Structures are given as C-alpha cells and as structure tokens.
Amino acid sequence: MAKLLLLLLLSRGLYAIEIPLDLKQPPTITKQSVKDHIVDPRDSAVVECEAKGNPMPVFSWRRNGKFFNPGRDPRVSMRRRSGTLDIAFYSGLDPEDYEGEYQCFATNDFGSAVSNKILLRVSKSPVWPKEFLEPVAVNQGLPLVLPCDPPPSVPPPHIFWMNSLEDRRLTVGLNGDLYFSSITVNDTRTTYSCNARFAQTIQQKSPYTIKVLTRNEKKIETMALLIDCWFHSAARLVAESVPSFLFPKGTASSKVVLRGKPLILMCIAAGVPTPTITWSKKVGDLPRRKLRLENFNKTLRITSMSDDNAGDYICTASNRMGATSHTITVRVQATPYWANKPENLVLTSEDNGKLICRANGIPKPTIQWLVNGEPVDSKQVAGDTLILRSVQIGDSAVYQCNASNEHGYLLANAFISIQGELVKVMENNRTFLYCPFFGSPLPELRWFKDGQIVGRDGGHYKAYTNGTLEVRHARLDDQGTYTCVANNRLGKAENQARLEVKEPTRITRPPEHLRAIRGSTARFECRAKHDPTLPITVTWKRNGRLLVLEDDFLAISSVRREDEGNYTCTVRTELDRASASARLVVLDRPDPPTDLELSDPTERSIRITWTPGNDNHSPTKEYLVQYEEDYWEPGRWKNLSSYPGNLNSVILPLSPFINYQFRVYAINAIGWSKPSRPSQRYQTSGAAPDAVPGNIRGVGTWKTRMEIRWEPLEDTQRNGPHLRYIVWWRRRDSREEWKNITTYWLRHIIYDTDTFTPYEIKVQAVNDFGLGPESNVVIGYSGEDRPIAAPTNLRVSKTDSTKATVHWTPVPSKTIMGLLKEYKVYYWRESSQLKWLSVSREKKSKGFNVTGPQPWGVLTGLVPYSNYKMHMVVANSRYEGPASSTVEFQTKEGVPAPPRFFRIQQRHMDTLYLDWDRPAEPNGILTGYTLKYQVGVYPFMSWSSEPLSESKQGIWLNVTVATFTPLFVRFLTSSKALLYICVCVLYFQMEAYTREQVDIATQGWFIGVMCAIALLVVILLIVCFIKKSRGGKYPVRDKKDLPLDPVDQKDQDGSFDYRDEDNKPLQGSQMSLDGMVKMQESDDSLVDYGEGGDGQFNEDGSFIGQYAGRKDRDENEGNLGSEATSPVSPLYSLA
C-alpha cells in the first residue's frame, strides 16, 4: 500500500522529499573535491566527483570552460560508475600541464547535476635564485629592515630566520622581513639568513652581513679586558629617539577580514629605548575572549571574526621619549552563505512549483539560475525565486543556483522530478506501461486514455493483472497520456504515464564505395532521416574500430594504405539506430619487385627473372630495368630497357666488357614503385668496338691548318680497354694515299694545308680486342684567308624617301678565299639637301646573303631628302675583303617631322597669340602650315582652319568663346605634297568676364604709364653707356660691394679694366642665342602631346608643371616673343 499511497499523495500537490533510488529521478552530486584543490606533484592527483540517480548518471568534465575528454589522454582515467578522475604524474610529464578549473557534470535521462568549479593546482617548490648581497653598514641606534622576498609558490611558504631570536627589538614581519627597532653593536654578524619552508623543500636565501658603525670606535683602545666596558659605554652614547612605526607605515591603514576567519594585526616600531606596544579599540572594548597578544604585544590575533569585532584598532608605541599611535580600520565581510538553500521538488503533471535560493554575504551575493548546467530563461526567474508553471511529464531537470560575490561562491543543485512515466517507442514497435500496485483488500486497476478505458476489449492493447499495459504495434494515434487507477473500499490512487510514438530512423544517403589514390582526400557521406524530437549521434567505424568523429560525413585527408577497409556509419537515437557500410580501396604505386635472379648468360645477353610486388589495386603497366656498372660511373643507375607489365622474365641486351648490376621498377597508373634490391653482378667479355665516332668534321682554324674533330664513343660502346682513334685524311679529288694517325684525343690538327681546300676525312675506333668499323667519308675544309677582290658595278636603281635598291656584280668565287658569308654594304648620311641643316654622319651597315649572277638588295630606314654615300665588301666566315668604289645617291622628300614646339604665348578675352618652331627634320622643302581649331565640346564640333605661310611662326587667333569654354586647337604642317604630320590639342578655360569688365591692356592710362616707363629705361641705358665710355678704369671701392669674378684682371693701381665688358655677359645672367635678352617665355609647350590631352591650366593660360621629353629649342626661339603686338609686351621687355 506504500507505493499506492505514494501515488495518492503525489496527486494532491507538491512537496520536497527524498526520493528512494528505486524510483527514476535526476542526478544528485554526493561527493566532490574542495574548490581550491592543491596536489603534490610526487603523487597522482585525484579529482573527486560522485553522484546518484536513476538511471545511473553518466559523467563528463569541463576544463577551463571547455569539454575535456579523459579518454584521449593516457595519463588520465575516470573511475568506473563514478566521475572521479585519476591523473598519473610520472617521469617526462609536467604536472603543471593539468592545472586548471575542472567542473563535473552528472547526467541521466532527467537532467544534469553540476559540481563546484574545482581549481586544481600543483604545489611548487621554486628555486631561490642565487644573489650577491652587499654588506649592510648601519649606524648604531638606527632601525633596519632586512627583506626576505621568497619566490612565489603554492601554497605560500613558511618563513623563519636562522640565528635571529625574536625579542622586543627584533621582529619577523607578516611578510617574512626581519625588523630591527634599533641597531646595537651586538648585531654585527654575517649569518642573517632567511629560510622558506615550501611544500617539499626548505630553501635558504643568501645571508646578510651587518656592520654596525659607532661614533667612538677611534677613541676607545682595543684591549681585551675592556671589551665589555667599551660595549656598555658605546650603548650609552646612542641618542634616544621618539618611537616611529616601521610597519605599518603612516598613521592609519585598513584591513578586510572575512567572517569566521582569524584576524592578525601587527605593529613594529622603531626607537631608542625599544618602544612598548599597547592595543585598544576606538569604540568599545577589545574582545578579550577571542583575543590573544603575541610577540611582546606586537601581534594581535582574534581567532574568529564576527560583525561586532569590526572597528578601529589603535596600536600605540611608547618609550620615555614619547609615544605615537597607528589606527587600523578593520572591516568584516563574508563569503556567501545560505539563508534558504534550494531543495529537491517532486511534482505531478500540470502542477506549479517554485525553487527558492536565498544567500547572504558581504557584499550582497548575486543569484544566477542554471538548468542542467545552462542558463535558464529569464522569464522563469523572479528575484531569488525560480517559478515553474504547468509542468509536464518530461520536464524533469536539475536546476543549479549560484550565489557569488567578490569573496567566493556557493553552488547548489536541486532537481525537479515530475512523477508519471514518460515512455517513448518507435512506430510499429511494441512497448509496456508499468503501474505496480498493492493493497488490502486487493485493489482493482484499470487503464484510461483520454477518458476512455483501454485494455479490456483486446485489439492492440493488453492489460495484465500486475498492472502492466502492453501496446502492440504502436501507431501515431496511440500517443498521449495514460492513467492507471487502483481502488478498493478504503480508497483510490492513480498514476500517469505518457506515451510518445516516434518516427523510425533510416539512412537516406548511405556512404558509397570509394577508390582513392594515396595522398588524396576520400569523403564518405551518411545522411539520415529521423524523428525531429529525438537528437541523433552519428558514429563511424573502420573495420569494426570506433573512430572519434560525430558528423554526417567522414573526410580522410592524405589517404594512406592503412586507411583501406570497410567504413560503417551508424546513426543512433535513444530508441533505435540505423547503419550502412562502404569500402575504401586505396590506389597506390606498386610494391617493388623482389627476388631478382640472373640466368642463361651469353656474351651479349642475360635473362633476368623477378617476383612481381603487390600492384595495390592498380595493374602494373610496365617494368623498367636499370643497370649500374662499377668502372666508368660507379653508383649511377641508367635505364636499360622496359617491358610490358605482364612479364616477369626477360632477356636483357648487353654490351661487352661491362660489369653489370640490375634493378627493376614496376610502373602503374599511379606512379613508379621503389626500386627492387640490386641483383648480383655479371661481367661480359671484351670485343672490338662496333660503333663509329659521331659528328666527324674538319674545320679550318688558320689559312694553312685544318682541325679534325669527333665525338667519343659512349662508355658502353668501348667494348674493351685502351680505346683510341685512327684518323684518316687526304685531299678530295686527288690520287693521294690516305694518311693516318692513331690518337687518344678527340681532335687532330693537320698543318701546311692549302687555303680553303676540301679534304676527305674518316675516323675509326680501336681497342685491345681489335678494330671497329670505319666511319663514312666526311668532307672538311682548311682555313680561310682574306678575300682579294671587291664587288664591282655598285649602283642604285630605285629610291624613295626611306628606301634604296642596290645592285652589284659579284666577285669570282676563287677570290673569296673561303665560304661566302654575305655582301655587306656600308652607308652613311653625308648631308641634307637643305644646305642649312646639319646632320650626323654615323656609318651603318647591312649584309645581303644572296647568290646568283645579278644580286641585289634594299636599304631601309633612310632619312628623306638626304645625300648618302656607300661602298660594298664581300665577306667569308672569317674576313672581309677590300671595299668597292664609293657611290652617292639621294633620297626623295618625305613627310616632315612635327614642329619643335607649339604653344600659347599670350591670351586675352577674345584673342590668343600662338607661336611654334619649324620641324627638326623638315624632310623636304616646307611649303606652309595649317592651323585648325574648334570651340565647344570635343569631338562633336567641326574644325575651323586657317592656312599659314612657311615663313610665319606666330599668329593672333581671334575667337569668340563663352565663359569657361574649352578651346581645342589643332596644328598641322605640310610639305609640297601637302602631307599632314602633326596634331596638337590644347585644352584650357577662358577667364570669366562680365560686361562691365574692361581689358586693362586697352586702357589709355595704362598705355601711357607703360610708355613712360619705357622712356625712363632708355634714358638710364644712355646715361650708363656715356659713363662707361668716358674711361676704362675707376677705383675698386666704387664696386666694392660686388663679388669679384675669377677672370677679372686687376691693374697695379687697384682698379679693374672694364673696356671689354661689352663682350661679356653680366654676372648671373644668360645670353640668348641671338645676343639679345629673351622675352619671358611660357613653359606651356604641347609638343609631343596628341589629341585628347587633358593638361591643366592656371588662370593665366599656362600649364601647371613641366613636361618631360621636351624638344631642344632652335636658336631663333628667343626672337619669337618680339613679334607680339599685345599692349603688355613692354612688361616682358622690362623683365
């Protein structure tokens, strides 16, 4: 009746209860390590985590907030049916690698419980670095502090000083430093050593040496009998002083201590005599029951702090010279502690509930709610309360409450257990709903679904007498809530179970069989369809071994042979699973052949047999046999021959007199195998050479010499030792006997030959076994000499502006004294047909490799309208012959070169002054220029043109343009043939003028002023000329402010002669080409700029910047500006 009674109580509401483990329930953490877990590196570390639950929880860990898999680390193991970790520290492992923050998760079907965050630290015994400490010299009576400064460690070390007993004057501070309230002569010592006891070792700091300086050391005689008296007198000579604090500094400080923790306050004072320390509290009395004064009252210790122990503690140091005080403000704070710790809660379906989490502390803790280790929806939280509404079967979970402040945190787990079984079943499978009951009298039990009784009328339901309901071939419409009701005359109890019918899992895209080349990437895919409410896990196995991978595809990069096998993909849900398999075949280069065996030897062949290696799923297409010989090139393997892949025994062709060793490669579509192991060696017998030397030739090196050359036989063609060559020669078409010589070299020189005479040549190889075959006869020639005749009848038959056709009569072949190479013409530009134009007479040449009775050639690249001269020589492979007679010819007129420059010299509101220079190469007689311009948007406006005479090099252009309108000017020149040769495009913007604006250059007053200025300049020039013409000398002091020119000639009387100054330019000035000072010129040249140029202009019409590639200006350029008729021209002359 107990279990039935339990169900009855569950139906009446909610309550906190300890659920027996035989009932299904979420996990509960039962044991865990402390939050700050320090372990000894000499032992194994144990991080505890135990939990209970039904079903048994599964444990997992996070380290530093990330998932930690102990199974991947061979040094870490997790105990069976427990979450406790054992970390084995052994040789070769750094224990610090495992330091971090660990958190344990215990999970079953109803939720996850979470442990505290366990900070695992390894105790350390650091090495105290060696240091050299200078002796400390201090005057008697002064205070002194000797620092200890031990290296940091876990846990902190215990500090003590050797040979330093604490008394009223000596104190070891809380930080380990040694304090002297005052120094006496007795403190002179060399053994002040700080010691630190670490976790495993005790280490010592280098000792200090103290030397005490006294004021009367020189006045007291050093006698052994008076030593004690000297000490006492020295002590009495020390000046007394008012107390001052060495620790803590100043007059006030503060300290925070946690509730329940001990409080330790220390005051260390300096002074002579040694001060006495007393303690008091500013408000109230000292807590005498918990208080203890130590170390001559310098240390105040309270064993356990409470809130009423907070306040101002006053430390007073006094001696007969006075007193001083220090106030320490002590504030008591607290780590979080529970006021209402959340408790487990058991609910039934549709119930409401709440979990309360209240914690106190100083400062006030903040509350954070988690569910199964993850943050909860903020809508469920109201302050420190978690509200649950209308819970359903399946809502069971473990909630965590974290209360934290700056001093620490509390973590509590509380589960919500929803009574009523949740049963999940796959479609078309059978399942059972259990409802155990008992009572007296024996109760009657019935099952209901949606208010309708089930299990009595048969069908696919069957009710058993023990309370179990069987559902055969579950369908989707069987899903819902089932209620079992048990009643007898004493009462009624009921329980619920929810049935969920799930869609079965099936693989829709199984992995396919793959053939992959070694080193490539193989990829299997495994797509599945499953019930959306059931999470799935995908696992892969290779040949039955689990692979650490959970994804619907498997990618194998850099495939190896070891990766070959059967791959199985398994898709699992909590209710079912589906699997599919595929095979991976790795294609690789074949394995090398083995067991090479030589048989059937002959003078020129041998049979080799081998055992084929594994072809690694790619048939062998070919075998390559290589050989190595140990005489000519030992260690170098060369290809001998190749054979089809279906053979494993072949006959190898061999050469005589070679000590062979063989190896075999197998080749398939993937590549070459490694070479087989070498075979045993086989030495063939010697024979006469059976090959002839190659590339035999006779070359003339001098007019009376011929050098015979050939290429040597290969090492495998020698066929025997002492290879040498027999060289044969004789003149062609003669009845001379063959001459010969035997040599080891690869050439032979024949002397005293006729010039360029043909010889018949042949070469024969010979060794110790006999003569080889003779080579074919080759014709060679002796050396060439300088040609002795020149071409005749050199003439030009046809010319145009840049070409000329040349004809000549060839020389007799005997006079060439060698092999004809070419007829070479040397030509140069003698002058231009324009008498005033100077030219370069650079000599050029062109060769014609032509034969026949009437040879001819064409000279190209000539300059139009020029006078040329030329002569011709004949050349063989070595020399050039004498020159022919010189011939003159002229080229016709051609297209003129562009003008040297074209620019805007001056501009006004409706006029432009343009100037230009004639072309550098007129290429004929210039007949005129054509100037074209357009106003408007280029290129859509038509061009206006204006013909100009050849002598004109400046023009005023009258144009009417709108404000800020672009003006394009195209300039062209022409020869007699009216050929256009230059196009220049100018782009600028006109200044904007209103109708009231008047051009200042047209105003009468401006013209008058300019005329007056010009008149004054003329008068000044006349005065200067008269003064200069009166005499050629004047004293130096008249021009003492002028710098002396190095070429100035000084007379003996200290004056200079300036009579020839007219012939010298002024210092710092430049002389124009025509002897006149140039007018200020614009740099706005557009030479070398074609149409479409977008050069920028300033408002005055000049270009901004300089342009590279500018042509050299002609000597007449300086006079161009003088032709301007603008009223502002005088300004330029004044400049």
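A charge is taken to sit over a ring if NZ of Lys or CZ of Arg is within 6 Å of the ring centre and within 35 degrees of the ring normal. In this predicted model, R718 meets that description, for R718 lies over the face of W632 at 4.2 Å from the ring centre. A second case involves a lysine: the charged end of K843 is placed over the ring of W828, 4.9 Å from its centre.

Contacts between aromatic rings are also present, and the structure holds 22 aromatic pairs. A pair of aromatic rings is described by the distance of the centres and the angle of the planes. Two of the pairs are set out below with these values.

| Pair | Arrangement | Centre to centre | Angle between planes |
|---|---|---|---|
| F89 and Y98 | tilted | 6.4 Å | 45° |
| F180 and Y192 | edge-to-face | 5.6 Å | 75° |

The F180 and Y192 pair joins two strands, since F180 belongs to strand β16 (residues 178–180) and Y192 to strand β17 (residues 189–197), so the pair ties together parts that are twelve residues apart in sequence. Both F180 and Y192 are buried.

How values were computed
Residues numbered from 1 in each chain as written. Predicted model: local features only at pLDDT ≥ 70, side-chain atom pairs only at ≥ 80, totals over all residues. Heavy atoms only, no water. Phe/Tyr/Trp six-rings, centres within 6.5 Å; stacked < 30°, edge-to-face > 60°. Helix = DSSP H or I, 4+ residues; strand = E, 2+ residues; numbered from the N terminus. Buried < 20%, exposed > 50% of the residue type's maximum accessible area, 1.4 Å probe, protein only.
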